Amino acid sequence: MSERYTPKEEIEALNLKPAPKPGIVHISEVMQEYLDQPPQDERIKTGFRDLDKFLGYLRPGEVIVFAGRPGTGVSDLALTIAFNIVNPELDTGKPVCYFSFGDSSQFQLVRLINMKAHINSRRLTGKLLSATESSKISHTLDTLTKLPLYFDDSQLDFPELVKRTREAKEAQGI
């Protein structure tokens, strides 16, 4: 059974500032607060043009949650976007922490190797590789280990997820 958190607890966990005035606020006040904020020009591309247009790009510090039924490719999409963000050849080379609530970090690594080396995952996990495939994997691993990509496959509740993201930001600049 998952725990429930009040909006106040979530705001405190995220270290967000609550609205200055409780209760009903006129749209003009909300607009003024919005306009008074410094502009956030930094955009992070997902590597998918249509998704970037739809989302208006990603912004630093955002937590993006991908969810879907098993077998629909949600993990592949999320992992591809994470790779695109950390890969300096495709975007900014910004660090990413990939939290997986279903699959292990090792499984995500195998999936990423499979995507980038174009090797059948059964051959990879069964270690039934030709010399050419072994060379591709070696090159892929060399590339991947240089990227600022971090995994966490712990089963976390909301406050713990926030705590881990803060720790990652401080330690790894994520």
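Which residues form a nonpolar patch on the surface? Select F48, I64, F66 and L77, which together make up that patch and have about 300 Å² of accessible area between them. Patches are built from residues with over 30% relative accessible area and no salt bridge, like charges being joined within 9 Å and nonpolar side chains (Val, Leu, Ile, Met, Phe, Trp, Tyr) within 5 Å, while accessible areas come from the Shrake-Rupley method with a 1.4 Å probe, where for residues only the protein chains shown count as cover.

Before going on, note that this is a predicted model, in which local features need pLDDT of at least 70 and side-chain atom pairs count only at pLDDT 80 or more, whereas totals for chains, interfaces and linings use all residues. Residues are numbered from 1 along each chain as its sequence is written, and side-chain values use heavy atoms, with hydrogens and water left out.

Stay with F48, which sits in the loop between helix 2 (27-36) and helix 3 (49-55); helices here are DSSP runs of H or I with at least four residues, numbered from the N terminus. F48 counts as partly exposed, at 33% relative accessibility, where buried means under 20% relative accessible area, exposed over 50%, and partly exposed in between (1.4 Å probe, protein chains only).

Next, select D76 and R111, whose side chains meet in a salt bridge at 2.7 Å, N to O, a salt bridge being a side-chain nitrogen of Lys or Arg within 4 Å of a carboxyl oxygen of Asp or Glu. This pair links distant parts of the chain, since D76 lies in helix 4 (residues 74-86) and R111 in helix 5 (residues 105-117), 35 residues apart. R111 is buried, with a relative accessible area of 19%, whereas D76 is partly exposed at 33%.

Then select K146 and D142, which meet in another salt bridge (3.3 Å, N to O); K146 is exposed at 61% relative accessibility. Salt bridges with shared partners join D76, D103 and R111 into one network.

Finally, move to helix 8 (residues 158-172), which has 15 residues. Its buried residues are L161, V162 and A168, and seen down the helix axis they fall within an arc of 125° (taken from the directions from the axis to the C-beta atoms), so they line one face of helix 8. On the other side of helix 8, select E170 and A171, which are exposed.

How values were computed
Helices (H or I, at least four residues) and strands (E, at least two) are DSSP runs, numbered from the N terminus. The expected span of a helix is 1.5 Å times one less than its number of residues.
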